[in-house]
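Open the model in your viewer and keep the selection tool at hand. We will go stop by stop.

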Amino acid sequence: MKELRESLELLRTGGDTRHPTQGLGELERLAEQIRGSGVDVRVIETGSPRSLPTTVDCTAYRIVREALTNTLRHADADTATVTVTYQPAAIELDIVDDGAAAS
């Protein structure tokens with residue numbers, strides 16, 4: 001709930017630079033943390049990486065973090081791949097693991 005409130009506050013205010021936020025620049029650190037938990041994570045960036053608005057950057061990071069957390073908790077996966085595709089007017093996130101699907 002705390003993270004949801006923080007996300008909503010970021011969206012309402014357009015980002016608060018007084019509080020550091022985690023963004024896509026932190027993906028390798030996140031991947032390393034997940035690797036330490038036993039899932040081999042690969043991060044791929046395609047397109048032309050660029051600076052993003054704080055709300056977009058923070059939200060994209062949180063989406064990836066949640067997906068990888070779910071991989072750890074529920075998928076019994078050995079590997080996961082995070083692909084960030086920078087398009088001219090958008091970014092696309094693709095998070096895939098080799099775990100079993102839930103029944």
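Select Arg35 and Glu32 in helix 2 (residues 27-35). The two are three residues apart, so about one helical turn separates them. This is a predicted model. Show the side chains: Arg35 and Glu32 form a salt bridge, with the closest N and O atoms 2.9 Å apart.

Through shared partners, the salt bridges join Glu28, Glu32 and Arg35 into one network. Arg35 counts as partly exposed, at 26% relative accessibility. Glu28 is also partly exposed, with a relative accessible area of 43%.

Next, select Arg29 and Glu26. Their side chains meet in a salt bridge of 3.2 Å, N to O. Is Arg29 buried or exposed? Arg29 has 56% relative accessibility, and the cut-off for exposed is over 50%, so Arg29 counts as exposed. Glu26, at 25%, counts as partly exposed.

How many salt bridges does a search of the whole structure find? It finds three.

Move on to helix 3 (residues 54-75). It has 22 residues.

Colour the buried positions of helix 3. Among them are Thr55, Cys58, Tyr61, Val64 and Leu68. Two arginines, Arg62 and Arg65, are buried too.

Last stop: Asp76. This residue follows helix 3, and its phi is positive, near 50°.

Conventions:
Residues numbered from 1 in each chain as written. Predicted model: local features only at pLDDT ≥ 70, side-chain atom pairs only at ≥ 80, totals over all residues. Heavy atoms only, no water. Helix = DSSP H or I, 4+ residues; strand = E, 2+ residues; numbered from the N terminus. Expected span 1.5 Å × (residues − 1). Buried < 20%, exposed > 50% of the residue type's maximum accessible area, 1.4 Å probe, protein only. Salt bridge = Lys/Arg side-chain N within 4 Å of Asp/Glu carboxyl O.
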